[in-house]
Amino acid sequence: MDRIPITKEGYEKIKAELERLKKVERKEAIKAIEEARGHGDLSENAEYDAAKERQGMIEAKIAELESKMARFEVIDTSKLKGNKVVFGATVKIENLDTGEIKTYKIVGPDEADISKGHISILSPIARAMVGKKVGDEVIVNAPGGEMEYEILEITFD
C-alpha cells in the first residue's frame, strides 16, 4: 500500500469533508429515503430512486476518503527548511522562453489546485524540480513539449 503525502492543512480539510459527509450528508440522505418511502409504491417512485442513488454516492465518497486517509503521510511543512526543492516547498520559477514568473507550492495529489498555485508532487513540473536548488535550470517534459525553467527562490511556510 503506497503512502500518499499530504500537508497538515490538506489532511485537516479532507478530515472535515469526511466528517461532514458522515454527520450531515449521510443523515440527510437517510431522511430523504424515509420521506420517499412514505409516498407509496417504491417500484415507480422516482424520489426514492434518486434518494437511494444519492445515498450510494455519499457512501462511495466516504469509503474513498477513509481509504485515502489510511494511506496519508501527513507532513508538517512548517518544520521544513533547506535549500533544495522538496514536498511542501514554495518555489518561484521563471520560464526561460517567455520570461514568465510563477510561484508554486508542492503539495499532495489530493490537495493540488492550480488556481491557488498548489501543484501535485506527481506533476511533471514538480518532479523535475525536486532536489534542485536556486539557480538550477530544469527541463520539464510537459504535454505541450519541453519547457525550461530557472529556480529563482525556494521558501517554506
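**Exercise 1. In strand 7, find the bridge partner of alanine 142.**

Solution. Work in this predicted model. Start at alanine 142. Its bridge partner in strand 7 is glycine 145. Now look at the link between the strands. A hairpin joins strand 6 to strand 7 through two residues. Next, take the pairing as a whole. Strands 6 and 7 run antiparallel and are joined by six bridges.

**Exercise 2. Find which residues stand opposite isoleucine 93 in strand 4 and in strand 7.**

Solution. Take strand 4 as step one. There, lysine 102 stands opposite isoleucine 93. Strand 3 covers residues 90-95, strand 4 covers residues 101-107, and the two pair in the antiparallel sense over five bridges. Step two is strand 7. There, isoleucine 151 is the bridge partner of isoleucine 93. Strand 7 spans residues 145-155 and pairs with strand 3 in the antiparallel sense, over six bridges. Keep a general point in mind: strands of a sheet pair through backbone hydrogen bonds, either parallel or antiparallel.

**Exercise 3. Give the order of the five strands in the open sheet, and say which strands stand at the edges.**

Solution. First, the order: it reads 5-4-3-7-6, and the pairing is mixed. Second, the edges: strand 5 (118-120) and strand 6 (137-142) each have a single partner strand, so one side of each is left without a neighbour in the sheet. Third, the twist: from one strand to the next it averages 45°.

**Exercise 4. State the pattern of helices and strands along the chain, then decide whether the chain is compact or spread out.**

Solution. Begin with the count. The chain has three helices and seven strands. Read along the sequence, they follow β-α-α-β-β-β-β-α-β-β. Now test the spread. The radius of gyration is 22 Å, while the globule rule gives 15 Å for 157 residues; the chain is therefore more spread out than a compact globule. Then take the box. Along the principal axes, the C-alpha atoms fill roughly 70 × 35 × 25 Å. Turn to burial: 31% of the 157 residues count as buried. Finish with the surface. The chain exposes about 9,600 Å², and carbon and sulfur atoms supply 50% of it.

**Exercise 5. Identify the aromatic pair and describe its geometry.**

Solution. The structure holds one aromatic pair. Its members are tyrosine 11 and phenylalanine 72. The centres lie 6.2 Å apart and the planes make an angle of 75°, an edge-to-face arrangement. Now place the two residues. Tyrosine 11 sits in helix 1 (residues 8-37) and phenylalanine 72 in strand 2 (residues 72-75), so the pair links parts of the chain 61 residues apart. Tyrosine 11 counts as partly exposed, at 22% relative accessibility. Phenylalanine 72 counts as buried, at 5%.

**Exercise 6. Decide whether isoleucine 121 is buried or exposed, and list its contacts.**

Solution. Locate the residue. Isoleucine 121 lies in the loop between strand 5 and helix 3 (124-129). Check the area. The relative accessible area of isoleucine 121 is 16%, under the 20% cut-off, so this residue is buried. List the contacts. Leaving out residues up to four places away in sequence, isoleucine 121 touches Pro5, Phe87, Ile106, Val107, Pro109, Ala126, Arg127 and Val130. Pick out valine 107. Valine 107 and isoleucine 121 are 14 residues apart in sequence, and 5.7 Å apart in space, C-alpha to C-alpha.

Terms used
Residues numbered from 1 in each chain as written. Predicted model: local features only at pLDDT ≥ 70, side-chain atom pairs only at ≥ 80, totals over all residues. Heavy atoms only, no water. Pairing = 2+ DSSP bridges. Helix = DSSP H or I, 4+ residues; strand = E, 2+ residues; numbered from the N terminus. Axes fitted to C-alpha atoms, helices over the stretch in contact; angles between N-to-C directions. Rg over C-alpha atoms; globule rule 2.2 N^0.38 Å. Buried < 20%, exposed > 50% of the residue type's maximum accessible area, 1.4 Å probe, protein only. Areas by Shrake-Rupley, 256 points an atom, 1.4 Å probe, with all protein chains shown as cover. Phe/Tyr/Trp six-rings, centres within 6.5 Å; stacked < 30°, edge-to-face > 60°. Contact = heavy atoms within 4.5 Å.
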